[in-house]
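I opened this notebook to keep track of what I looked up, one entry at a time. The structure comes first, and my entries follow.

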Amino acid sequence: MPEGDTVWQAARRLHEALAGKPLTRSDFRVPKYATVDLAGRRVLSTIPRGKHLLTRIEGGLTLHTHLRMEGAWKVFDAGERWRGGPAYQIRAVLATADRTAVGYRLPVLELLRTTEEERVVGHLGPDLLGPDWDPGRALANVLADPGRQLGEALLDQRNLAGIGNVYKSELCFLLGVTPWLPAGALPADRAEKLPGLAKRLLEANRDRPVRQTTGLPRYDLFVYGRAPRPCLRCHTPVRVADQGDGSQERPTYWCPTCQTGPAPAPGSPQRWRDKYPRRAG
């Protein structure tokens, strides 16, 4: 799933391609908006809000999209061949005289009044890459349910917006605790570091084509995608298990030596596995 830094990059691409220009074509390939024509209206801006994208259009309209697991916005020059998947996966097209933005596999596509944006993003917690960032409120939100697993609390966009499965695993590694640790059991000194560390990770990667958390030239990530290869710090094999309620697979990676706290036992429903694709390094 795209995380806050990836969505920030997508918003920047859309903004740079479309903002300030009138649309020469719009095409929404979903039944609800199939007859909508925005040609002639100027695109005002595209901004990210957590993992949501808000494209504001002249006339008080906002196109709200969310990428979830497989969605993507691709931007092409006029006349350039579209590359992003087969045509039947296209959900939206926004074109100006010189650029065309094509939305592939968008699971959320909604056209609403700009004054109603809070209806779709108002539930979000402080945005790690947004102007509303509030580290104190974000930490208070995470700790509000002390019995909840830390990894689940970090993924809850109502607590703080922008963290996905990769940053969840990497952040817990850098804090030295497992994602299954109850949030209330997080030592005070590490809890104090959590908001700032999370923000630094996303800010450091919002301009990078490849996400990097280690600061090491040969290795991008400390634990995510590395099972069963050795931990970069202690050389213990990195482990992986699903975390969550089972409604969707959320592969969660950790080092059993460097990270303290509970973890699923081998053979449990959240069992150790290495079926997920490995990352280079």
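I call a residue buried under 20% relative accessible area, exposed over 50%, and partly exposed in between, computed with a 1.4 Å probe on protein chains only. What I have is a predicted model, in which local features need pLDDT of at least 70 and side-chain atom pairs count only at pLDDT 80 or more, while totals for chains, interfaces and linings use all residues. Residues are numbered from 1 along each chain as its sequence is written, and side-chain values use heavy atoms, with hydrogens and water left out.

Entry on β10. Helices (H or I, at least four residues) and strands (E, at least two) are DSSP runs, numbered from the N terminus. I count two strands as paired if DSSP finds at least two bridges between them. Strand β9 (residues 239-242) pairs with β10 in the antiparallel sense over four bridges, and alanine 241 stands opposite threonine 252 of β10.

I traced an open sheet of four strands in the order β1-β6-β7-β5, with antiparallel pairing. Its edge strands are β1 (25-28) and β5, each of which pairs on one side only. For angles I use axes that are lines fitted to C-alpha atoms, for helices over the stretch in contact, and the angles run from 0 to 180 degrees between N-to-C directions. Neighbouring strands of this sheet are turned by 15 degrees against each other on average, direction ignored. Contact means heavy atoms within 4.5 Å. Helix α1 packs on the sheet, touching β5, β6 and β7 (99-104), and its direction makes about 30 degrees with that of β5. Between β1 and strand β6 (residues 90-95) I noted four bridges in the antiparallel sense, with aspartate 27 standing opposite valine 93 of β6.

Entry on another sheet. Here four strands form an open sheet in the order β2-β3-β4-β8, and the pairing is antiparallel. The edge strands are β2 (43-49) and β8 (108-113), each pairing on one side only, and neighbouring strands are turned by 20 degrees against each other on average, direction ignored. Six bridges join β2 to strand β3 (residues 52-57), and isoleucine 47 stands opposite leucine 54 of β3. I also saw that α1 lies across β2 and β3, running at about 175 degrees to β2.

Entry on a pocket. On a 1 Å grid over the protein atoms alone, a pocket is an open set of points where a 1.4 Å probe fits, with protein on both sides within 12 Å along at least five of seven lines, and lining residues have an atom within 4 Å of a point. The second largest pocket holds about 220 Å³ of space. Its lining has 16 residues, of which Pro2, Thr6, Gln9, Arg13 and Pro209 lie nearest the centre. Five lining residues, the largest share, come from α1, and both α1 (4-18) and β5 (72-77) supply at least two.

Entry on asparagine 141. I placed this residue in helix α3 (residues 135-143) and found asparagine 141 partly exposed, with a relative accessible area of 22%. Leaving aside neighbours within four places in sequence, asparagine 141 is in contact with Pro126, Arg158 and Asn159. Asparagine 141 and asparagine 159 are 18 residues apart in sequence and 4.9 Å apart in space, C-alpha to C-alpha.

Methods:
Grid points are joined across faces, edges and corners, and a volume is the space filled by probe spheres set on the points.
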